[in-house]
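Look at how the two chains meet, then at a few details inside each chain. The report below takes these topics in turn.

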Amino acid sequence: MIRGKPDEDDYWNNSKFKAFTFDDEDDDFTRLKESKRAVNSIRSLVEEEDEEDDVEKVSWSGEPVGSISWSVKETESSIRSTGEVRDQSFPKIHTAPSLPKNSSGYSLSSLFKGKAKTGSFQSFSESFGDPSIRNYAPELRKPKSEYKDYVSDWTPEETVKRMQQGKVYSLEKFRSLQDKLLLLDEAVNAHDGNVITAVLIYLKKSLSKEILFRELITREIALRHYIHYLKEIGEQKLLVELFKSMDRTEDMALMQYRDHLNVRDENKRRDFLKNCLSFPFSPDDATHVQDHYTLLERQIIIEANDKQVESSGQADIFKKYPRKASILNMPIITTLYYSCFYHYGESDGTFSSPANIRKTFRISDKQFLLTCLGARAKLKAWFDVDALFTTKNWLGYTKKRSPIGFHRIVDILQKNNAPVQVLQDYVNLVEDVEQKISLAQKYKCHDVIINTYRDLKDRQQLIVYRGKVERSSSEYRKIEEILSNSQLRWKN
Amino acid sequence: MAHSVRRDAPELPDFSLLKRLARDQLIYLLEQLPGRKDLFIEADLMSPLDRIANVTTLKQHDVDKLYKVEHKPIVSTSDQTVRGCFLYPLTNWFLFPDVVNADKAFGRFRRYKIIFSPQKFYACENLLEEQGIFGDVTTDEWSFYLLPLDDDIISLELPEFFRDYFLEGDQRWVRTAGSALHLLHSVYGPFSKVYGIGRCSKMAYESWREQVEEGEQRARQAEIGNVFLIDRDVDLVTPLCSQVVYEGLVDDIFRIKCGCVEFCPDVTSSDKSIKVMLNSQDKVFNEIRNEHFSQVFGFLSQKARNLQTAYDKRSGMDIKQMKTFVSEELKGLKQEHRLLSLHIGASESMMKKKTKQDFQELLKTEHSLLEGFEIRECISYIEEHINRQVSMVESMRLLCLLSLTENGLLPKDYRSLKNQFLQSYGIEHLLTFSNLKQLGLLVEQQPGETLTVMESRVGKLVNDKTAGKLTDAFSSLAKKSNFRALGRRLNLVPKSDEEYDLRVPRDMAYIFSGAYIPLSCKLIEQVLERDGWTGLEEVTRMLNGHEFAVTGKTRKGNTQSLKFIVVTTAITNSARLLESMLDNHA
């Protein structure tokens, strides 16, 4: 074999290295590049040593080193070696084929034969751990596309599978619309949202949005992934266009409306809401958004006014019950409560009056009563509470009426620490006798109990109840009196 | 259930192995970064991490300092930064590039590594790339799929699963579920039979099978027999009902997080809150966790008396006996004493809260809804609940329960209740209503049965695959819960006129005071009894189908009594379920 010939070996070891004097090169970066390049060719050189020698024999018979046969061989080996490096787990993808201007050096790698096996490989692995190398990683896309013709002839199915397994993949070869859609459909079939989104990101980059939107209409699952992705990365504008193109105008309106939550400043938020009024909401939601705008507009006015009144110390109510929080951005009912608390009795014309709020926001009688009751009871304004229920009939008699059961009213009053005198008036109004008695017992309204038993002519119960009250109390005396009343006709 | 363990029931597999696997992998990942480093942990990952490793373990592997991820520039002396975190929400990632760039502006050059748990997403890496810091930041995965919370409860700890899949329609966690199943299978399998119902379950099953085929198979002693996969949306009624067994109440009121609860000073009768692990290791808890709340007081006071007697033994002891008592019994008694006083405190506090909010009346309304009885009264109860601005989530829960049991609300009720809800709790909740509608949790009744008719007509015309797609599209428009029909068919709602003795539970309904048997549990019972879905065709049709049953290679007889292991994407309750539907914060 040629190898045995000492003079030939000599020639290899001397002339080729000397010609390029890599040993003397002390530029780190260059060395790095070269050592990587070398490593890419190691495998082929090691494996194909014999064949290579055959080729070389030819070359030494006159063929120039950079000839076609050389290049082809080099290309082949570089495919194989890149393929191998790329097979590593996927975070390394950008560092592996990361040689800038790799293409220029194909023929040179053969010149490494002698040294590459030992020295260069080491420097490669060392350099891998060197943080500085990472700087070059992101920009190293070019070689990949150059390999495109050779590697990654993976079908959509294989590609999706590789992506699921976290292996290296390449989407760039899916260039025709048909290929892209096949890939997308394959991802959807694999039920892996991670991959579906990855493919969509690629389609987003490589298709015009009109085309992408058009294709997504018939692909519900992919579409939902796309919408979710855009939501997460906050691409509002694109989402609006997407919804528009699909005629999903309500979704679009709601999504834009949602953005008001990001507006902190109340005046800006109000303006934002005003702008929302023109969005294509469903009729019901349009009313709600209109309410939202009106509400905030009023709250701003009320807040400014009350803040000023409170700080000037003009009004007693604010001195007695300082405001705990601002009214801005509170719900309608809270605003109504606030208004019943601080602005009760104001004329209908003012924005802050309960009546005005009730009318503007179409608050039901029941709701209004509950809220108002809560606020007035909190202030222990029992007279106001009374007035809420009092109605006059055409003869001028007054009667207490309520849109909700009086047992509920009792409950609310009790929670606001109403005194027994007030409570028992309302317990008395409970229609259901059993309920009345149990409420009266719960809240110790003795009079109600005693009177009810008397009206029921239930002597036994009255006697039982006498055992429960204290002997010296007025209740006891009252029961005694009733029991000794000979006019009453007891049922037992 | 957990009460009487039958003697022929198999032993539970040792799930602590899963923790060890997770810990070893975490250590391996840390070792990949030689030298001192700081660890930044996303809030959601803190509690699960606590169950896997402690600070000493981390320190042993050169972790210098631990930080909670806050999206602001990192002040750290170490030049390596390892960040562990969940992906969601992705939007926060916009802030991570700022961190790196701030460093760069200071002329510092630190290495960052993001460890995703349980897996990384391309979307996230793409973001790093777009922000120009791919390379400055490297990524890795901590395949921490399963966290055993108790002897028989394993969680994926993915609370975002529900919203992502059922509301957004994002299938990013499907493969994760498949991988978790794969892990369970390779450590405790092979499974003899897999049953399932629901689209997502089917996809997770397929993903798992794929992963099995990709990997190698080893023959081993199977520790798990049958597997039953079920989609959350097959049974939404159950999580929306008020819980009345002890553990459920503790969760509803104090919130159990990752098997841990924080009892407030109110409970501990001191000035501090105390964190308590709630699992079968806590002997007091273990005995009352599945008891109806009405039984718990009696049990606890009995226990207290026993404890007193045990302490009282001391009097009349001689020195030697006292010594044995102190060395052998005292520690146990003290421990029991501590636990007992905590659970008594918790019960008292729960009792107080529940009487304050008229729990009895609330339960009555729920039970009426489940029975389909006096619906108008229920609606006015809900209305008043809303009007009085009582807990928003509770109001929402009742509305959803109404919609699920009644197959949607009448349009006029829907409009009026929505209007009152928005007035009471804020207009921005129209976003929440839109979400609930999308999910089928709170919908308007469709006029007539038009959709179903259209569906079946279209279904006949086109082939199966397209029909499936169409059904999905339709079902997102009008998901029907069919609760009444299902309830009748499966006897989910026992007759209310019969007395239900809670001390001697006769069926699974006892967990809801005898008012309702959880649909999901009933389904599993039925399928296991029949060894498949035969005879349940009507039921599966009402549940939107996608049922399957696959027999593995080894097949065991079903004569043995069974032990149930629950594996879940996250432990949920009504509050967590509904809060994940809220959209009202920026």
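Buried area is the accessible area, taken with a 1.4 Å probe, that two parts lose on being put together, summed over both. The model is predicted, so local features need pLDDT of at least 70 and side-chain atom pairs count only at pLDDT 80 or more, while totals for chains, interfaces and linings use all residues. Residues are numbered from 1 along each chain as its sequence is written, chains are lettered from A and ligands numbered from 1 in the order in which they are written, and side-chain values use heavy atoms, with hydrogens and water left out.

**The interface**

About 5,600 Å² is buried between chain A and chain B. Carbon and sulfur atoms give 50% of that area. On the side of chain A, H191(A), R224(A) and E232(A) lose the most area to chain B. Together they make up 13% of what that side buries. In terms of contact (heavy atoms within 4.5 Å), 61 residues of chain A touch 62 residues of chain B.

Charged pairs also cross the interface. The rule for a salt bridge (a side-chain nitrogen of Lys or Arg within 4 Å of a carboxyl oxygen of Asp or Glu) finds nine between chain A and chain B. R408(A) and E384(B) form a salt bridge through their side chains, at 2.8 Å from N to O. Polar contacts are pairs of N or O atoms within 3.5 Å; within protein, one must be able to donate a hydrogen and the other to accept it, and residues adjacent in sequence count only if both atoms are side-chain atoms. Across this interface, 25 residue pairs are in polar contact, both residues at pLDDT 80 or more.

Which elements of chain A give two or more residues to the side that touches chain B? They are α7 (156–164), α9 (193–206), α11 (220–233), α13 (249–258), α15 (283–312), α17 (332–342), α19 (365–378) and α21 (406–415) of chain A. Helices (H or I, at least four residues) and strands (E, at least two) are DSSP runs, numbered from the N terminus. That side of chain A holds 25 nonpolar, 18 polar and 18 charged residues. Here Ala, Val, Leu, Ile, Met, Phe, Trp, Tyr, Cys and Pro count as nonpolar, Asp, Glu, Lys and Arg as charged, and the others, Gly among them, as polar.

**Helix pairs**

Axes are lines fitted to C-alpha atoms, for helices over the stretch in contact, and angles run from 0 to 180 degrees between N-to-C directions.

| Helix pair | Angle | Axis separation |
|---|---|---|
| α24(A) and α26(A) | about 10° | 10 Å |
| α18(B) and α19(B) | roughly 140° | within 10 Å |
| α10(A) and α11(A) | about 130° | 7 Å |

Angles under 35 degrees count as roughly parallel, over 145 as roughly antiparallel, 65 to 115 as roughly perpendicular and the rest as oblique. α10(A) and α11(A) are therefore oblique to each other. Their contact joins L212(A), F213(A) and L216(A) of α10(A) to E220(A), A222(A), L223(A) and Y226(A) of α11(A). It divides into six nonpolar, no polar and one charged residue. α18(B) and α19(B) are likewise oblique. There, Y414(B), K418(B), F421(B) and L422(B) of α18(B) meet L430(B), F433(B) and K437(B) of α19(B).

**Backbone details**

H191(A) has a positive phi of about 55°, although it is not a glycine. H191(A) sits in the loop between α8 (177–189) and α9 of chain A. In chain B, a cis peptide bond joins S117(B) and P118(B), with omega about 0°. P118(B) lies in the loop between β4 (111–116) and α5 (122–130) of chain B.
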